[in-house]
Amino acid sequence: RFGVLWVPESFTDMAMDMRGASNDIIGTVDDPRELGPILDRIDAMLDGYGVHATTKAEDQISNMIVSEEINQMRAMARIVPTLFMGIAAAILLVLLNRMVRQERTEIGLLKAFGYSNWTVSGYYIRYALFLCAAGCAGGVLAGQWLAVELGELYVEFFQFPDLVMQLHPNLLISAILLSVFAAVIGALTAARHAAAIHPAEAMRPEAPRHAHRMWLERFAILWRSLSFTWKMIVRNVGRNQFRAAINVGGVMVATGLLLIGLVFIDSVYHMVDFQFREVQREDMRITFTTELPESALREMARFEGVRQAEPMLQYPFKLRSGWCSHDTAILGFVPDGQLRRLLNVEGQPVRIEGKGVILSEALARELQVSAGDTIEIEPLMGRVTRKHDVVVRRVVQEYLGMNAYMELETLSRLLETPYAMNAVLLRLEEHARAELSRTVNDLPATGTVEDAEQNRADFEETMAENIVIVSSFLVGFAGVIAFSIIYNSTIVSLLERQRELASLRVLGFTKQEVGAIMYQENFLLGGLGILAGLPFGAFLGRSFLRTLDTEMYRIPYYAETSSFVFTAVLVAVFIVLANLAVRRRIYKLDMIEVLKSRE
């Protein structure tokens, strides 16, 4: 553990016995476009003092972490509202189409009395806008509340001293316009249908839709094997293909959204497991404040409880290729090292040997080089200032960071010493961790002591909090979409088929048998939606993870089979809940009232 202490400058002058000294300079510039040349001039001016690195604010670790979190939320803000509004428009379209069909006679009378097509159709558009206005009013309040709650989580998570929540007018207007656009799109088809009704035709019941044999009926053996109930279900789906497509599409979107969250979790934990179990296999890493000879490695290996020790040299360089440059630490390892291995994303080991340098794919892309090209490296600290040209031996794909690797002795010679190390990797007996940590912390050359197990636990804890937030939102959105699309479509179908269902009750069908017709149809369409939603969610997951490809990390696509199973089961639960919500209305169907009513 470590702490950060804020003390007066006079205290540090006294404690360090260095009046007026500093080792870090921060500043701002009037024109951000001039930042690069300014940093180059400062670097040249302070060259004699040993500049370690010049870092822009955008490249600072803390800034990058917060920025990447914002980028994740921005990616979700593009995906979720678009899908959600599309489903909302589809639901509104189904409801308004049903209203138009129910109000045929009233529409015909109004048009017979001289009301124009625009006036009649405009009523349904205004009705949709009224619903939109009511939804926006509630949405603004709910959205602001959720934003405040999410902001408090970020304050706790990142330890911000303060985070002021503001309602930005441009975002509010954008959200309202998006909602209005979805409402208008959903209402236009219904308005067009209302405008197309002829007054004379509206005075009589709507003509039955044309009936035809289902394609399934051509397979006589298969068709005869279906029960009477399933024949009704299949025919109803075939004669209401548009509404069935909306049902399937809504469940597909809900399945896809839910799967995104689970794929994100699987991918992150796969990356963490790969990094901490396959690549970083040490139990402890000790970093020293200066470069040490090979004898220091032998001394570390003699400590009680140390099973294996390997040296490591990390040194900051500026890497250049033409006009491209990047500051990073080149890591030096022994060729046959086992505690820190260089693996590609397929898990194949890459041997570090020879005089060249190995670059991660992200760094090679930044420098615009490939295997076989030559780059210039310049030390950024210490007494060695000589630049060197080295060949890029290989480019490997990695999940974390923008890294460069060399064989340890080769890197040492670039620093004008036959052998140097400034870190050691240890594999320990389990009982030796705490005691060894206390012992090496007291050594004068020790800089930091890192426990790999604690690092992994801290990383997983940090990611777990983030993942829970994102996944909770996705599960909530998926549940609302699946429930609302099934519930609304079932209600519309029930209103259209209540005479048919009441007739079945008169013929002796029980309430449970009549309800089963609706439930089984929902499960048929929901099942098709789930089957389509699983590959759709996998595609969305890949697209979402590609938006998170940054300098800090590249999250691979990885999905457990259990995630697909859990997604399918949870969406099925949402469908069951929607069926239970309409169950009461089905059971309370008044046979006499329905059958005596006019078509």
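Visitor: Hi! Which side chain meets arginine 33 in a salt bridge?
Guide: Aspartate 31, with an N to O distance of 3.1 Å. A salt bridge here is a side-chain nitrogen of Lys or Arg within 4 Å of a carboxyl oxygen of Asp or Glu. This is a predicted model, where local features need pLDDT of at least 70, side-chain atom pairs count only at pLDDT 80 or more, and totals for chains, interfaces and linings use all residues. Residues are numbered from 1 along each chain as its sequence is written, and side-chain values use heavy atoms, leaving out hydrogens and water.
Visitor: Is arginine 33 buried or exposed?
Guide: Exposed, because its relative accessible area is 70%; the cut-offs are under 20% for buried, over 50% for exposed and partly exposed in between (1.4 Å probe, protein chains only).
Visitor: And how many salt bridges does the count come to?
Guide: The count is 11. Another of them pairs glutamate 376 with arginine 320 at 3.1 Å, N to O.
Visitor: Okay, new topic: is arginine 340 buried or exposed?
Guide: Arginine 340 counts as buried, because its relative accessibility is 13%.
Visitor: Which side chain does arginine 340 join in a polar contact?
Guide: The side chain of glutamate 282, at 2.7 Å. A polar contact is a pair of N or O atoms within 3.5 Å; within protein, one must be able to donate a hydrogen and the other to accept it, and residues adjacent in sequence count only if both atoms are side-chain atoms.
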